[in-house]
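Please look through the model shown below before reading on.

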Amino acid sequence: MMGLTFDVVPSDFDEWLDDTRSAEDMAIELARGKAASVAGRFPDAIVIGSDTIVTVKGKQLGKAESLVEARDMWQLATSAPNKCTTSIVIICAAEKYEYRAADNAYVTFKPYDTAAVEAYLATTDWHDKAGAWSIQKCRNMMLGVEGDAETIIGLPTRLLVEPF
């Protein structure tokens with residue numbers, strides 16, 4: 001959307017969650033780890049790392065590793081508002097440049113509906129999604145959204161342009 005050309009380079013950084021720390025701090029730390037991992041291989045590049053964490057009732061949710069875990073996440077997600085925290089970290093190792101930012105947005109789901117949740121899970125869209133859902137594919141299951149939809153999607157472009 002911004003007219004930039006880029007390459008997607010996977011990071012070998014291991015991710016984890018820590019409910020004793022803020023979602024903002026965790027998301028920035030994980031994004032920084034990903035970006036630093038790639039910047040180490042491409043020091044002259046401008047590297048953008050990002051991470052999204054969904055928090056419900058103080059529990060940070062990453063990506064579900066199984067269908068059972070995805071169902072459990074949906075039970076939790078429909079019980080209270082979901083805080084979606086997305087971070088970006090921009091690194092250029094050669095220039096010793098680093099920028100960090102995070103943003104929050106909120107999603108409230110309709111009450112748990114077994115048929116609707118199972119139909120969504122059958123799409124397999126939940127794979128590789130924080131909280132086991134995406135705004136793009138389950139908007140009909142939401143009561144409301146507050147904040148930047150790009151934060152919920154996982155890359156708030158306005159955060160990318162702020163340092164420039």
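Predicted model: local features only at pLDDT ≥ 70, side-chain atom pairs only at ≥ 80, totals over all residues.

Residues are numbered from 1 along each chain as its sequence is written, and side-chain values use heavy atoms, with hydrogens and water left out.

## The nonpolar cores

A nonpolar core is here a set of buried Ala, Val, Leu, Ile, Met, Phe, Trp, Tyr and Cys residues joined through side-chain atoms within 4.5 Å. Buried stands for under 20% relative accessible area, exposed for over 50%, and partly exposed for what lies in between, with a 1.4 Å probe and protein chains only. The largest nonpolar core has 25 residues, of which Trp74, Phe109, Tyr120, Trp133 and Cys138 touch the most other members. At least two residues of this core come from each of strand S1 (47-56), helix H2 (67-77), strand S4 (97-109), helix H3 (114-122) and helix H4 (135-138); these elements are DSSP runs numbered from the N terminus, helices being H or I with at least four residues and strands E with at least two. H2 gives the largest share of this core, four residues. Contact means heavy atoms within 4.5 Å, and, not counting residues up to four places away in sequence, Cys138 touches Trp74, Phe109, Tyr120 and Trp133. Apart from this core lies another one, of eight residues, including Ala35, Ala39, Val47 and Val89. In soluble globular proteins, nonpolar side chains tend to be buried together.

Which residues of H2 are buried? They are Ala70, Met73, Trp74 and Ala77. These residues lie on the same side of H2, because they cover an arc of only 100° around the axis, the arc being that of the directions from the helix axis to the C-beta atoms. An α-helix has 3.6 residues a turn, so residues three or four places apart point the same way. The cover over the buried residues of H2 includes S1, strand S2 (59-61), strand S3 (82-92), S4, H3 and H4.

In H3, the buried residues are Val117, Tyr120 and Leu121. Seen down the axis of H3, they fall within an arc of 100°, so they line one face of the helix. The exposed residues Ala115 and Ala122 are carried on the face of H3 turned away from its buried side, and H2 and H4 are among the elements that cover the buried residues of H3.

How do these two helices pack? The axes of H2 and H3 come within 11 Å and cross at roughly 140°, where axes are lines fitted to C-alpha atoms, for helices over the stretch in contact, and angles run from 0 to 180 degrees between N-to-C directions. That angle makes H2 oblique to H3, since angles under 35 degrees count as roughly parallel, over 145 as roughly antiparallel, 65 to 115 as roughly perpendicular and the rest as oblique. At the meeting of the two helices, Leu67, Ala70, Arg71 and Trp74 in H2 face Val117, Glu118, Tyr120 and Leu121 in H3 as contact partners.

## Single residues

Two residues other than glycine have a positive phi. Lys57, with phi near 50°, sits in the loop between S1 and S2 and counts as exposed at 61% relative accessibility. Ala132, with a phi of about 70°, lies in the loop between H3 and H4 and is buried, with a relative accessible area of 0%.

| Pair | Apart in sequence | C-alpha to C-alpha |
|---|---|---|
| Asp7 and Val47 | 40 residues | 9.6 Å |
| Lys83 and Ile152 | 69 residues | 8.9 Å |
| Thr52 and Ile28 | 24 residues | 9.2 Å |

Asp7 belongs to the segment before helix H1 (23-41) and is exposed, with a relative accessible area of 70%. Lys83, in strand S3, counts as partly exposed at 21% relative accessibility; leaving aside neighbours within four places in sequence, Lys83 is in contact with Glu24, Ile53, Val54, Thr55, Asn104, Ala105 and Tyr106. Thr52 lies in strand S1, and, with neighbours within four places in sequence again left aside, Thr52 is in contact with Thr85, Thr86, Ala130, Thr151 and Gly154.
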